[in-house]
Structure formats: C-alpha cells, structure tokens
Amino acid sequence: MSLPTMNKCVVLAKRPERGPITPATFKKDAAALKKPGDGEVVVKVELLSIDAAMRMWLVDTRSYIPPVKIGEVMRAAGLGRVVETRSDRYKVGDLVHGVLGWQEYWVGPARVLEPRPTPDGMEDIDHLGLLGVSGMTAYFGIFDIGRLKDGETVCISGAAGSVGLIATQIALAHKRCKVIAIVGSQDKVEQLKALGCEIVLNYKQEGFAGRMRAAGSIDVYFDNVGGELLDLVLAQINPYARVVMCGAISQYNTAKPYGVRLTPQLISMKARMEGFIAFDYEKRYPEARAYLADLARKGQLKYSYYVVGGGLDGCAKALQDMFDGKNIGKTVVSFQDEGDRNPKL
Ligand SMILES: NC(=O)c1ccc[n+]([C@@H]2O[C@H](COP(=O)([O-])OP(=O)(O)OC[C@H]3O[C@@H](n4cnc5c(N)ncnc54)[C@H](OP(=O)(O)O)[C@@H]3O)[C@@H](O)[C@H]2O)c1
C-alpha cells in the first residue's frame, strides 16, 4: 500500500469557554506523514472513540490527565490497522488499539499500542464499547464502587449511553435487582423497556420529579450526569447507599454549573459517594471483559453503536451529537467510507 505524503488531522484551535464547543474550537490541518523509525509502526485509523471526557480535555484545569494543547492533534482512543512496520511486535494488517488522535495516520513506537484480536462472536468495534473503556467503567463502577448486592435497587442516569447501557444491563442481570433507568428521550425509554427494564424515566418530560419519587428509594446510584438530577436522587437514597460518581456530563458544557445541595443526605443515610477513573483498574480488565463477553453470549447484554461517518469531518459533529443525546450506546467515528448509523438494540 502506498502511503500519502501528507497526514490530515484535526487540531485544537481555541479553548472553548464554558458552554458548547463552537466551529472555532477545532480546525483541520495537515503535516508531512512521518517515516517510522526503529521499533515504530504506521497505523491507518479506522474507528475513533468519542468520549464525554473530551470536553474536559479542552480546558486547562486540574484533572486526571493534562489538557490537549492548542495546535495539538485532538486526543482520542481508537482502532486502526498497521500499514507499515519497523517493529517485531506487529505485522502489516494487525488490528491495534491506542491513543491515535483525530488524524488519518498515527506514527509512533509500537510498544504504546495494544494488539486487539477480536474474540469470536464479537466485532472489531466492540473494542471501543463493550470491551473498551465504557465496558470497564460500567463493570468496575457497578461492582467495585457500587458494591452491588442481590436484590438492591440501582438507579442509573444516562442509561442509554455508552457506559449507562452496559451498567443498566449488568444490574438487570444481577440477582433480583430492580433498575430505575433515566434517559432523555421517548425512543430511549422504549428501547430500554424492550430490554426488560421496567422503570425507565425521561428526565425531559413534565412530571419527571414526581415519577422519580414514585419509583422508590435507591441503594446504588450510578451517576453519569451530575447536576440537578444528583440532588433528586440524593433525596431518595437508602441507608448505606453508594453513589457511584462516574461522570457529570450535564456540567461539562454548561455556562452555569449547578451547585449540588443535598450532600448532607450522605450523613444522615450513612451513605458514601465515590469517584473513580476506569483506567486505574487496567490490571483487572481481563476479568471485566470475560464477564461482559459472557453476558453478551448469554443474550443478557445488548449493545448499539452510534457511528458517525466521514472520518475527520465527523469528529466534532459526533462529539456535539453525543452531548445532544443523539446516541444510543457508544459514539464512534468511522473512517471507512460509511454513513451515520445507530441500529436499534
Ligand atoms: N469515570 C470514568 O472512568 C469514566 C469513563 C468513561 C465515561 N465516564 C463518564 O460517564 C458518563 C457517560 O459517558 P459515555 O461515554 O457513556 O457517554 P454517553 O452516555 O454515551 O453519552 C452522553 C449522554 O449523556 C446524556 N446527556 C447529555 N447532556 C445531558 C444533561 N445535561 N443531562 C442529562 N443527561 C445528559 C445524553 O443522553 P440523554 O438523551 O439521556 O440525555 C447523552 O447521550 C460521562 O459523564 C463520562 O464523563 C467516566
């Protein structure tokens, strides 16, 4: 395969103020495609993961990872094929996972990539969703931070999203657990009900707060969105409840952050609220992957991908679409010449 001389990419042009990203946030760019040195490979990007955390990487604040610099290729995990190699680790055609970025080709040391053979019955794209960070986050969030026990009631916000869809189905599969799923559209309500989730509430619908109270008290809250919803749930936690602080997407893009008021409930309910980052569990990923693959094989874990086509042209759109709630399941950008799709569960 002959490689182009230039490598097209999308870089961070301007840090967004609080509020949604704008057309000025990113810009298209190109640089000469580097030749691989000893121990290096060239990877052609096929699929990129779009993550809510990307919005945090655009601002210069203290976090678990440094922000993307102005002028730097936008950071993104992804899957690609080795197209040229000067390393013994990989041959041409191998599928690899790594922080490939919003660019057409990645060139660098083979040692920072991971080989990703696709297990039987699964697809390449699953490395970015079910078997990727979303799956790991859901598994360790539910079991390690949420310490889910038989028969408990679990409430999950962002329940039709990438992490939420997996967390919801892990909880549904757990012995006698009751799930209260919170989503942002009627289509999502219907799709989750079809999965067997009896209580699915649309937080955008009038009367939501009342329906939420009627849904009953909560032992584990898997929080993907933060903000006002967190207060509503805190009002309903049971003694010794666990609040899994997975994400706060309602706050990443907002001009006016919401001040959570009901944290004193944690005292009277002797409850705990704990944040976590899935990457800290890397050594235990095989355990989580085996569990999730087994659940999927048994038909207890259905998943979907919101695939935005267009390669580099789709990246900023996909990020915004995810914030707008257009996705069910994992949002990814495809470089493989296909249109947008989000099959039903
Ligand atoms: N701790 C970790 O290690 C870790 C790892 C991965 C992700 N996360 C966090 O987990 C959360 C979910 O991430 P994801 O990748 O799975 O994204 P996702 O859930 O696939 O996509 C985001 C979803 O959030 C919902 N949303 C957007 N704005 C909202 C708002 N103002 N209020 C309520 N819901 C809103 C939308 O669904 P609706 O239609 O339902 O509104 C949207 O589909 C994020 O907060 C992310 O930062 C944490």
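View 1. Another pairing puts an oxygen atom of the ligand 2.8 Å from a polar backbone atom of Val 163. With Cys 246, a polar backbone atom is 3.0 Å from a nitrogen atom of the ligand. The protein covers 90% of the 910 Å² of accessible area that the ligand has on its own; areas come from the Shrake-Rupley method with a 1.4 Å probe. Keep in mind that this is a predicted model, where local features need pLDDT of at least 70, side-chain atom pairs count only at pLDDT 80 or more, and totals for chains, interfaces and linings use all residues. Residues are numbered from 1 along each chain as its sequence is written, and side-chain values use heavy atoms, with hydrogens and water left out.

**View 2. The shell around the ligand draws on two domains.** There are 25 residues around the ligand, and Ser 162, Lys 188, Tyr 203, Ala 278 and Asn 327 come nearest; to be near, a residue needs a heavy atom within 4 Å. By type, the shell splits into 14 nonpolar, 10 polar and one charged, with Gly counted as polar and Tyr and Cys as nonpolar. Helices H3 (162–173), H7 (249–252) and H10 (312–323) each give two or more residues, and H7 gives the largest share, three residues. Helices are DSSP runs (H or I) of at least four residues, and strands are E runs of at least two. The ligand lies between domain 1 (6–129 + 303–334) and domain 2 (133–280), because both give residues to the shell; the bounds come from an automatic or database domain assignment.

**View 3. Helix H3 is mostly covered.** H3 has 12 residues and reaches 17 Å from its first C-alpha to its last, close to the expected 16 Å, which is 1.5 Å times one less than the number of residues. Of its 12 residues, 10 are buried (under 20% relative accessible area; exposed is over 50%, partly exposed in between, with a 1.4 Å probe and protein chains only). Among the buried ones are Ser 162 and Val 163.

Key. A polar contact is a pair of N or O atoms within 3.5 Å; within protein, one must be able to donate a hydrogen and the other to accept it, and residues adjacent in sequence count only if both atoms are side-chain atoms.
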